[in-house]
Structures are given as C-alpha cells and as structure tokens.
Amino acid sequence: MSNPPPLAPPLLAIEDLRVDYGAVRAVHGVSLHVAAGEVVALLGANGAGKSTILRTISGLLRPRAGQVQLDGAPIHRLPPARIVRLGIAHSPEGRRVFGNLTVAENLRLGATSRPDRDKVPADRERMYDLFPILRERMHQVAGTLSGGEQQMLALARALMAAPRLLLLDEPSLGIAPLIVRSIFATLGELKRQGTTMLLVEQNINVALGLADRAYVLRTGEVSLTGSATELRDNYERVAEAYLGARQ
Amino acid sequence: MSPGLYIAQQIINGVSLGSLYALVAIGLSLVFGILRMTNFAHGDMMMVGAFGALTLGAAGVPFELALLGGIAIGALTGVIVERVAYRPVRGAADVTLLLTSLAVTYILENLGILLFTSSPHDFPIPEWLDSSYEFSDGQITFTQVNVLTVVLTGISLSLLGWFVTRTDMGLGMRAAAEDMQAANLVGLDVNKLIVVAFALASGFAGLAGVLWAAQAGVVEPSMGFTPLLKAFVAAIIGGFGSIAGALLGGYLLGALEVFIVAFLPSELSPYRDAIVFSLLIAFLLFRPYGLLRTTREVKL
C-alpha cells in the first residue's frame, strides 16, 4: 500500500526528520510528502510527534537532522515569516486567534505577508462567504467568540495568506460535533477548489473522510501509511499502528 | 481663595504631571507587552533625550527643533540598545534580560556623567515658554510648560492610538504582544516589530525627558530614575503591558500625587512617595493584573 514517489519534486517533502524538545526526542526519522492538490492526514495518539512536525515545517522549531523541502528547496533553516511568504500557512493547535483584536483585524493580519494586496479584499469576502458567522461578528473582539467560531477564524486567518499549502493542527479539538461537521464540510469544499492540506487530527473518522492519504505516527515514527480508503477498510491495523499493540 | 478654584488648579497640576507619567509608562508597557521584559533602562532614555535637546540648544538649534531632536535621539538610543544589548540575550531566562537592562542603565548614566559631569545643568527654555496664563486674579495659573506638556502628550497619544488600531504594523505589534508564536505564524516580522516598539517607547521617553527638564529647569544624568519608578507604579496600576492601562495609570498617579500634597494635612506631604509605593504593593497583592488587564493564561 505504498505510494510511488512522484517524479517532479512534490510540493512538500520531509526527509528523515529528527526533532528534539530539549532532551526529549519528539520526532525521529520521519519522511513524508504532500503533492500539490492533495490532502494528507497525520494521525496518531497524543505525543506521537504530529504537532512537532507541523511546527518544524513552519519554522517554529529547528530539526536536529533531516530536511524539509518546498518544491525541492530546503526551508528548514528559514525564519517563520519567510516560510509564510513562500506559501505555507499554519492554523495552530488551540486556534491561537488574537483575542484582543476584532475578527476583521485578525483576517487583516492573516494577509500581511502577501505581495498581491489588491486581491486581499476579494479573499476577505470569500472568507465571509465561507464562514457567514464571521461576517456577523466582523467587528467583535475575537476573544469573545465561541470555540467553534474561533476555529473558523483561525482557519480563515490562515487562508487569508493565500497559501499553497495549508497546515491544520487539530481543527476538531474541543469543538461540538455539529460544528466539527460544518468545519470539515468547508474543508471538503476547499479541497474541491484545489487547496493542498496537511492535516493533524486525533479524530480518525473525520480525518480519513477528508484526506486522500494518511500517515500514522507512533512515538515519533511513521508506523503505517496508505490511502484513506485503504486505511478506512483496515481499521484494526490503524488502531494497532496508533497504540502499538502487536501480536 | 475659593475651594473650587483651588481644586481646579490641582487638577491642572495633576493632568500635567500625569501626562509625563503616562508618556513614560506607555513606553514601559509597549516594551513589556512585546518582550515580557521590564526595561529598567527606559528612564535613561529621558535623560538621553533631555541631554540631546540641551546639546542641540547649546549649538544654537531653536528649542522647537531641539525638542524634536531629543525625541529622535531617545528613539535612536532605544533602537541601538535593543540591537546591541537585548537582542543577543533574547530567549534567555527573564532574569537575564532584567539584569541586562540594569547594566544598560549603569552604562548610560555613567556615560552621561563622563560627558556632562554628575552635577545638574541648567536647562534653558525660550522666552515664549517661560510664561504662564493667569485666571481669576492669579488664583488659577498654568505655565506655558504645563500647556505644552499636555498638548504634546495629547498629540503623541493620538498618533499612537491611530498607529495601534489602524496600521498593519500597529495591529501586528498588539498581536505579537498577545501571542508571539501566532504572530510568527501569520508571517509578521517580529524582529521588526520589536525594533519599532523600542523606537516608539524610547521616543516617548525622550519627549518626556525634554518636558521634564523644561519643568524642572535642570538636567542631570540620574534624572530618569524617579520617573521610571513612578511610571512603573503607573503601569502596574493600569495593568502592565496594556497601553490604555498605562495611560490611565499615569494620569491616576499624577492626580494622586498632587492631591496627596494638596488635600491631606501638610504633615502627610513628606509621605507622598511612601503612600504611592504602598499603593503599588496593594495592587501587586490584590489586583496584580491592574485595572484594565484581564487575566488570561498564555498556553504554549
């Protein structure tokens, strides 16, 4: 169930990535790739290293060894602001919207990295169409939004950068199931429009419902990989890869 | 003298003093907001600004331009200090930054002594500034320096208000103050924002220094120390890190100091600073987040 690596360099390629958190080895030897137009899920239990990988791609963490490449060029030594300008936007775990700023100001900051300022107003309208509740709350301070609304704002803020690759860290975390369904319906819509995503999720079902492919991580290593369809049909193997139960 | 006029006079005095405290406290808060660092060298930017204006004035530059020069020299010194002293230790333990800022204080003050000696210098002000308005037969007086202080503070604070609510960079600065990592993730250049924060904070301190010197009539290398402590109290009262809080705290503290002397029995006047610092302790004990700042845990 392996995927043959594409001939042209994929949009994102990670090779033998090793990341430490102080003395703790969070990621050891992960390789993965995301092709343009693809939605790839990173699954795994708490502490498996999923968020660490996303934070390394964004430049918040430096790898001890290995590479992160965008279009075949290494980016793992660049500062976060440069990486955003190269086209990678990150909607972080815990949403991290700017609670003292309004919804509109949060979206405005999401677009600060863009050179094509003239396209920003149209994109903002698109976000408000995608998440109508944000239009209603446009002038409201983001700290007063509900968890689900903040998640939509975090997503919209990342999309305002017009990214070529969207990193999503646990968009379902701590959010009511009904809102999760609505957010994932929107993500499905974005996927149809061609947005490339790397999605970290603990909720296997929603993640495999959206993704084309998935990697399952266990204690900092890839323990299983395959297409979403294959993984959906082999639920026990996924659970095993998750928890490390071996026969 | 009628009590109404007496109170009005004290309010004028309080607003004038409060303006200076607010200018200095806002700078402390701007830097603390973005770096989580108490910049003890902040008071010395007042000294640098005042001596800068003094030197320019001595060279024949008219007061209005020397004042602008004082602001610019303060801002420039702040930027240099950030680049040379603070940036290399950024990310180190909080106490490292704190000690570094104390070291910068000593270096700047001793540099001041080296260049200008430790004795006070007269700070000449032009004739138009050395006058006062009198109302009700001199029962209400405000000096031209008071007026200039309040007007320039008003202009500076309006510009700052516009900057932090209307410009990408100002919004970015508030965003970075709230969540540095998230600011990184939306592509804000945090280094640039920190430089701008230091330039603004130190420019405000430079302005406060020139106005302080104009009110006192003298400048000396240690002149920044007392205002720094007072601004620190003002910033804590308002909510450390909050711009609006520093503004509120500055004016409250200015009014409080003036009112202690004006309305309490004169035997209590010598205890003015003791009362002010007791208030600081009370705030730290019972309302450590100040009047305006709400508690919010930052999850990392």
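Domain bounds here come from an automatic or database domain assignment. With those bounds, I took the centres of domain 1 and domain 2 of chain A over C-alpha atoms and found 24 Å between them. The model is predicted.

**Entry 1: confidence.** I noted the scores before going further. The predictor gives the complex an ipTM of 0.91 and a pTM of 0.89. For chain B the mean pLDDT is 92, with 97% of its residues at 70 or more.

**Entry 2: domains of chain A.** I looked up the division of the chain. Domain 1 covers 7-87 + 163-247, and domain 2 covers 96-161. How many residues of each are in contact with the other domain? I found 12 residues of domain 1 in contact with 10 residues of domain 2 of chain A. On the domain 1 side, α2 (80-85) and α7 (177-192) of chain A each supply at least two residues. I sorted that side of domain 1 by residue class and got nine nonpolar, two polar and one charged.

**Entry 3: contact between the chains.** I then went to the contact of chain A with chain B. Chain A puts 22 residues into the contact and chain B puts in 16. On the chain A side, α2 and α3 (103-110) each supply at least two residues. The residues of that side are nine nonpolar, eight polar and five charged.

**Entry 4: helix α6 of chain B.** I checked the burial of residues 168-178. Eight of the 11 residues are buried, so this helix is largely enclosed by the rest of the structure. The buried residues are B:L171, B:G172, B:M173, B:R174, B:A175, B:A176, B:A177 and B:E178. What do they pack against? I found α1 (3-35), α5 (144-166), α7 (180-185) and α8 (190-216) of chain B, together with α3 of chain A.

**Entry 5: nonpolar core.** I listed the largest nonpolar core, which has 156 residues. The members that touch the most other members are A:L199, B:V24, B:A50 and B:A197. Helix α8 of chain B gives the most to this core, with 17 residues. From chain A, domain 1 and domain 2 each contribute at least three residues to the core. Leaving out residues up to four places away in sequence, B:A50 touches B:G70, B:F123, B:G209, B:V210, B:W212, B:A213, B:V219 and B:M223.

**Entry 6: open sheet of chain A.** I traced four strands in the order β2-β1-β4-β5, with antiparallel pairing. The edges are β2 (24-34) and β5 (73-74), each of which pairs on one side only. Strands β1 (residues 12-21) and β4 (residues 65-70) of chain A are joined by five bridges in the antiparallel sense. For A:A13, I found the bridge partner A:Q69 in β4.

**Entry 7: strand β6 of chain A.** Are the faces of residues 88-91 covered or open? Both are covered: A:I88 and A:H90 are buried on one side, and A:A89 and A:S91 are buried on the other. Strand β6 pairs with β7 (residues 165-169) of chain A in the parallel sense over four bridges. In β7, A:L167 is the bridge partner of A:H90.

Terms used. Residues are numbered from 1 along each chain as its sequence is written. Chains are lettered from A and ligands numbered from 1 in the order in which they are written. This is a predicted model: local features need pLDDT of at least 70, side-chain atom pairs count only at pLDDT 80 or more; totals for chains, interfaces and linings use all residues. Two residues are in contact if their C-beta atoms, placed from the backbone, lie within 7 Å. Ala, Val, Leu, Ile, Met, Phe, Trp, Tyr, Cys and Pro count as nonpolar, Asp, Glu, Lys and Arg as charged, and the others, Gly among them, as polar. pLDDT is the predictor's confidence in each residue, from 0 to 100. A residue is buried if 20 or more other C-beta atoms lie within 10 Å of its own, exposed if 12 or fewer, and partly exposed in between; C-beta atoms are placed from the backbone. Two strands pair if DSSP finds at least two bridges between them. A nonpolar core is a set of buried Ala, Val, Leu, Ile, Met, Phe, Trp, Tyr and Cys residues joined through C-beta atoms within 7 Å.
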